[in-house]
Amino acid sequence: MVTAIVFIKADVARIPEVAEQVAAIEGVSEVYSVTGGLDLIAMVRVAHHDDLATVIPDHVNRVPGVQSTETHIAFRTYSTHDLEAAFSLGQEDGL
């Protein structure tokens, strides 16, 4: 399994639609709306390295409203924690 973290800059007026369309792409497991210099982060998980060339440039980059992407490929996984916990702000449910 190959995991890539894709940083996405999007048209600000279209972020929710871009996120939904990216999340619907086969191979994209999650899409997060984030603060800072990026608009979205997509987690891509595919069976083979070559599959990234199909998912990212052929699909993610062609979603209307995507302005640019930056892809980081994970070498190893050091934690089996749920990804939501990794992106949590430390708030408990119900707060």
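The following is a conversation between two colleagues about a predicted model of one protein chain.

Colleague: What makes the 4 strands an open sheet, and which strands stand at the edges?

Modeller: The strand order is 2-3-1-4, with antiparallel pairing. Strand 2 and strand 4 (66-73) each have a single partner strand, so one side of each is left without a neighbour in the sheet. On average, neighbouring strands are turned by 20 degrees against each other, direction ignored.

Colleague: How do you know that strand 1 pairs with strand 3?

Modeller: Pairing takes at least two bridges between the strands. Strand 1 (residues 2-10) and strand 3 are joined by 7 bridges, and they run antiparallel. I8, for instance, stands opposite L40 in strand 3.

Colleague: How many bridges join strand 2 to strand 3?

Modeller: There are 5 bridges between strand 2 (residues 28-33) and strand 3, against the cut-off of at least two, so the two strands count as paired. They run antiparallel. Y32 stands opposite I41, and E30 stands opposite M43.

Colleague: What do we find in the hairpin of strand 2 and strand 3?

Modeller: The hairpin has 6 residues between the strands, and G36 takes a positive phi near 100 degrees. V34 is in that loop as well.

Colleague: Why is V34 called partly exposed?

Modeller: Its relative accessibility is 25%. Buried would need a value under 20%, and exposed a value over 50%, so V34 falls in between. Leaving aside neighbours within four places in sequence, V34 is in contact with D39, L40 and I41. The C-alpha atoms of V34 and F7 are separated by 9.8 Å, although the two residues are 27 residues apart along the chain.

Colleague: Then why does T3 count as buried?

Modeller: T3 has 16% relative accessibility, and the cut-off for buried is under 20%, so T3 qualifies. T3 is found in strand 1. Not counting residues up to four places away in sequence, T3 touches M43, V44, R45, H72, I73 and A74.

Colleague: Why is strand 3 described as largely enclosed?

Modeller: Of the 7 residues of strand 3 (residues 40-46), 6 are buried, so the strand is largely enclosed by the rest of the structure. For the chain as a whole, buried residues make up 28% of the 95 residues.

Colleague: How do you know that the buried residues of helix 1 line one face?

Modeller: The buried residues of helix 1 are I15, V18, A19 and V22. Seen down the helix axis, they fall within an arc of 100 degrees, so they line one face of the helix.

Colleague: Which residues have the most contacts inside the largest nonpolar core?

Modeller: That core has 21 residues, and those with the most contacts inside it are I8, V22, V28, V44 and V55. The elements giving two or more residues to the core are strand 1, helix 1 (15-23), strand 3 and helix 2 (51-55). Strand 1 gives the most, with 5 residues.

Colleague: What does I8 touch?

Modeller: Not counting residues up to four places away in sequence, I8 touches V22, L38, D39, L40, A42, V60, V66, S68 and T69.

Colleague: One last thing: what share of the contacts joins residues 24 or more positions apart?

Modeller: Such pairs account for 69% of the contacts in the chain with a separation of 6 or more.

How values were computed: Residues are numbered from 1 along each chain as its sequence is written. This is a predicted model: local features need pLDDT of at least 70, side-chain atom pairs count only at pLDDT 80 or more; totals for chains, interfaces and linings use all residues. Side-chain values use heavy atoms; hydrogens and water are left out. Buried means under 20% relative accessible area, exposed over 50%, partly exposed in between (1.4 Å probe, protein chains only). A nonpolar core is a set of buried Ala, Val, Leu, Ile, Met, Phe, Trp, Tyr and Cys residues joined through side-chain atoms within 4.5 Å. Contact means heavy atoms within 4.5 Å. Axes are lines fitted to C-alpha atoms, for helices over the stretch in contact, and angles run from 0 to 180 degrees between N-to-C directions. The arc is that of the directions from the helix axis to the C-beta atoms.
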